[in-house]
Amino acid sequence: MRLTKRSVEGLEVKPGDYIVWDYDVKGFGVRVYGTGKRTYVVQYRAGKRTRRLTLGQHGPLTTDEARKLAKQRLGDVARGEDPSADIQTKRRAPTVSALCDRFLDEYVAQHCKPTTLRSYRTIIKNHIRPKLGAFLINDVKRADVAALHFDMRNTPYHANRTLMVISKMFNVAEDWGLRDEGANPSRRIKKYREEEKKRYLSDDEQYRLGKVFQDVLDEGSETLHVVSAYLLLMLTGCRRNEIQTLKWEYVHTTHLDLPDSKTGRRRIPLPREAYDILMALPRQEGNPYVILGKTDEGHITDLERPWRRIRERAGLNDVRIHDLRHTYASVAMKDGIDPFTLKEILGHKNLTTTLRYAHLADDAVQRAAGSVASRVAGAMGRRANAKPGLRLVR
């Protein structure tokens, strides 16, 4: 029969389900259940298989709407698509939460450093999984990611790191065939501006810090290993983890040979002052680490709490441990070390990262600018003690 509202509602309810097909649109029909419920269906062939797709229930969906929808689906089939298979695939598609687990286990753990794995795991646990975890992978839109990023606007650094992890995770999802290529939902979302922390120790502050180091050693309030760790950071420009996990087998007379660091294998110059500090440290049999901790086999795990005590005594409450590395870089700039050499000392992958430290030598830049201005003024015949205002000496 030709399916209409009246004909569909007039169909007899039988103990079992049955389908009545429409006369006008081949493959379009209505299924009548034993309960009296009626749903519209469309049936078609995909290759050698017969597929049947439910369009919707009669009532919420009118007969004319169902017929129009059936024609659209049959049109999709004519273009080589398989609507029923697409819906089944979507229903079986993993959630973002499942993607997070696979991303951490199969990608990050295999290709990134342990510190990166810990960082990604924290970001996923605290930000990505709570907001997007229940979504199917293909259901995540740019608006969803943008909303998450906006909710974190008060912590721009963490917001941008979260956006970066989402971007990487969905790129990998595309590689795994879990999402169409070029459909990364983090694309074109603008990152927040991050305030770069520009802090380094002046000569006076370095002196005050050195005095506190000596005081806490004399008092015994901090261990020799703790104080030596901070001194080594200042004298080598190393990253905290590179000194914290340093082993004696990496120590040589003229250098430290690290088999693995943030940027891979590193050979770090070891000045005499740093070497003497290392040689003065007591060792523990069976423990391979230089900076001893509380256990017999391990290294120190907490340099933050003693640092907070030390910096408070020195009146340097805004100075972080990483600022000791900034200080090394600023002194190097003041001392005339060129950026290419400093890049190798600090272990940067590219020169751009090193050039960010150039601003730390502001006083050296000021002196250089003053020197240039003096030479120019002298060449123009301007007296150094002239009164304000433009007046040149003939």
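**Contacts, helices and sheets in a predicted model**

Student: Leaving aside its neighbours within four places in sequence, what is S228 in contact with?
Tutor: S228 is in contact with I277 and L281, once its neighbours within four places in sequence are left aside. Contact means heavy atoms within 4.5 Å. This is a predicted model, in which local features need pLDDT of at least 70 and side-chain atom pairs count only at pLDDT 80 or more, while totals for chains, interfaces and linings use all residues. Residues are numbered from 1 along each chain as its sequence is written, and side-chain values use heavy atoms, with hydrogens and water left out.

Student: Where is S228 found?
Tutor: S228 is in helix 9, residues 224–236. Helices (H or I, at least four residues) and strands (E, at least two) are DSSP runs, numbered from the N terminus.

Student: And is S228 buried or exposed?
Tutor: Buried, with a relative accessible area of 4%. Buried means under 20% relative accessible area, exposed over 50%, and partly exposed in between, using a 1.4 Å probe and protein chains only.

Student: How many helices and strands does the chain have?
Tutor: The chain has 16 helices and six strands. Of its 394 residues, 39% count as buried.

Student: Take helix 5 and helix 7. At what angle do they pack?
Tutor: About 80°, with their axes 10 Å apart. Axes are lines fitted to C-alpha atoms, for helices over the stretch in contact, and angles run from 0 to 180 degrees between N-to-C directions. Helix 5 and helix 7 are therefore roughly perpendicular to each other. The cut-offs are under 35 degrees for roughly parallel, over 145 for roughly antiparallel, 65 to 115 for roughly perpendicular, and oblique for the rest.

Student: Which residues make that contact?
Tutor: On helix 5 they are Y120, I123, I124, H127, I128 and L132, and on helix 7 they are R161, T162, M164, V165, I166 and M169. By class, the contact of helix 5 with helix 7 has nine nonpolar, two polar and one charged residues. Ala, Val, Leu, Ile, Met, Phe, Trp, Tyr, Cys and Pro count as nonpolar, Asp, Glu, Lys and Arg as charged, and the others, Gly among them, as polar.

Student: New topic. What is the strand order in the open sheet of four strands?
Tutor: The order is 1-2-3-4, with antiparallel pairing. Two strands pair if DSSP finds at least two bridges between them. Strand 1 (18–21) and strand 4 (49–57) are the edge strands, each pairing on one side only.

Student: How many bridges join strand 3 to strand 4?
Tutor: Eight, and strand 3 covers residues 38–46. A46 stands opposite R49 in strand 4.

Student: Which strands does helix 2 lie across?
Tutor: Helix 2 (residues 63–78) lies across strand 2 (28–32), strand 3 and strand 4, running at about 15° to strand 3.

Student: Last one: what is the phi of R188?
Tutor: About 65°, a positive value although R188 is not a glycine. Most residues other than glycine have a negative phi. R188 is in the loop between helix 7 (156–175) and helix 8 (203–219), and R188 is exposed, with a relative accessible area of 66%.
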